[in-house]
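Let us look at aromatic rings and their surroundings, one question at a time.

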Amino acid sequence: MDWLRGLLLVAQRDLARFWRNIYWLAGQLAMNIADLVIFAVIFRGLVNPAYIPDYIRFITPGILCLSIFISAFSIGREVGIELRREVTHYLVSLPVTRGQLVAGRILGGVLRGFMYQAGFIILAVVLMGLPSVDKWLLILTASLLLAVTMSGLSITVSTLTRDFNLQAAIRSLVYFVFFFVSNVFYPEKALAVRLGSAAPFAYYSPMSMTVNIYRYGFNYVSSIDVFFNLTGLIVWSTLAVLFTYKVYIRNLTG
Amino acid sequence: MKSKAVEIENFTKKFGDFTAVDNLNLDIYENEVFGLLGPNGSGKTTTLLTIATVYKPTSGDIYVYGHSVTREDYVVRKLVGIAFQDPKAMWIDKPYELLTWHARIVGYSSSEAKKVVQDVMELLGLWEHRNKQFYQLSGGTRKKVELAKVLIQKPRVAILDEPTAQVDVLSKHALWDVIKKLRDEGTTVIIATNDMFEAEKVCERIAIIYKGKLRALGTISELKDSIPSGDLVEVQFEGGGIPEGLLRALRDIGRVEARSSVLKVYVEKGEEKVIDIIELFRRYNVKILRIMVKEPTLDDVFTYITGAKLREES
């Protein structure tokens, strides 16, 4: 109980900051979503209907995935600022365990991911129709696992260096790799052709796995390998948590 | 026998090739105000941050009430509260929200937190600033917010890293009273400072740290007495000359400097020797107009021990 209390308080702190920075994040999201909508409208007319019959229905699960990815990933930006201003010294001096601190921070990222995704889920329901209860469970599980992965990953990446420029560069690199090297924008058939040697990464990317589950959940495709995608996401999120615990604490406590 | 609150054993901390603290050994007793005195970069803050489990020792260990900072860091964090040298907050943070969250994380319930935060903020004159953002606060007010965290927490060991830096003179005196009250309520207080006046005013024992090494340790009077002939007895007497016999007798007590009607005698334990000096003047029928004993300052002690001036180093 005490453990949970500490964890929730750490997450609450991140959530409070999230609300204070909400305009910044809204701007980021609006920009990305606008790009995607424009792409969707254009590609709808350009893409061969034999490959993708309706690009808007194809990209909507992708948008859903990006919304949770972007917002969960945003926690890394604050962790980076905290590291440079040594606010992290304060956090590691508090009477909480290292596990509570790391789990609380990851949870902070997860919660902001879910909050931001809520609006896009409504959008998806409007465009794609209502999933069944079992598919809802699948969608939410995938969201949770992706949010844990991205929150952990962004925290880890942000603590690799105190150099602002290097930090921003590394975060951007990781961000864009996950953003674009996935099946969010392209169907799987096109991945091997378009991405070349990066195709296997796209295949095993947590983004692709989540989008697969969303497309199945919102009935865009009738079947997927649920076990493969879900197991893959569990592996990604477990690795992200372990990696965050090691790197975040090591880099914070010198 | 005083019980130990903090035991620092062979503590060394390195950052890459740079040795910030070199084999430090130190005991801090329960319920005392202990000062770490030294210039910037001497290793004070590194030592304090390690006690607070922010850093890990490169070698050696530190024990807080018998609990190792390396092996029982969580237990240590429950016993220790720290007010950092640079306030640890983001620019958009508001003092009230910051302190309320701090109160919750150190164990208060929601309603208790609100009450204790208001009490402490009023005590430190922070209440009127409660909803300002951090960037709107003066340096002194930000320091008070740091101190407020410790007062809210009421830890068994309070670490205050330069608690009154940037604070105005009036507030400094009030904060020193607050620190003493914290000690009176049962907290062991460790203060890092390069302000000698603050050290003299608040600390009961002092460790002088210089270039990562412990150079001296003791009460303020012990440190001052450690300087040979460090006390000065200054006598202003009637008439222009001084009898040769008196001068010879005074030279047996200490080093003498005579200038017209003022005589300076450098001695150890001046408060004891002054009686002998008065007696000698009386015996030689030289009337004393004014006499005073001056102790060396901590700055003198620092200069004597390290060969460096504290102000210049800082």
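**Aromatic rings in the model**

A:Tyr203 counts as partly exposed at 38% relative accessibility, where buried means under 20% relative accessible area, exposed over 50%, and partly exposed in between (1.4 Å probe, protein chains only). This is a predicted model, in which local features need pLDDT of at least 70 and side-chain atom pairs count only at pLDDT 80 or more. Residues are numbered from 1 along each chain as its sequence is written, and side-chain values use heavy atoms, with hydrogens and water left out.

Q: How are the planes of A:Phe178 and A:Trp236 arranged: stacked, tilted or edge-to-face?
A: Rings of Phe, Tyr and Trp (its six-membered ring) pair if their centres lie within 6.5 Å, and planes under 30 degrees apart count as stacked, over 60 as edge-to-face and the rest as tilted. For A:Phe178 and A:Trp236 the centres are 5.7 Å apart and the planes stand at 80 degrees, which makes the pair edge-to-face.

Q: Is A:Phe178 buried or exposed?
A: The relative accessible area of A:Phe178 is 6%. Because buried means under 20%, A:Phe178 is buried.

Q: Which residue has its charged end over the ring of A:Tyr90?
A: A charge sits over a ring if NZ of Lys or CZ of Arg is within 6 Å of the ring centre and within 35 degrees of the ring normal. The charged end that sits over the ring of A:Tyr90, 3.8 Å from its centre, belongs to B:Lys149.

Q: Which residue has its ring under the charged end of B:Arg156?
A: The charged end of B:Arg156 lies 3.8 Å from the centre of a ring in chain B. The ring over which this charged end sits is that of B:Tyr65.

Definitions and conventions: Chains are lettered from A and ligands numbered from 1 in the order in which they are written.
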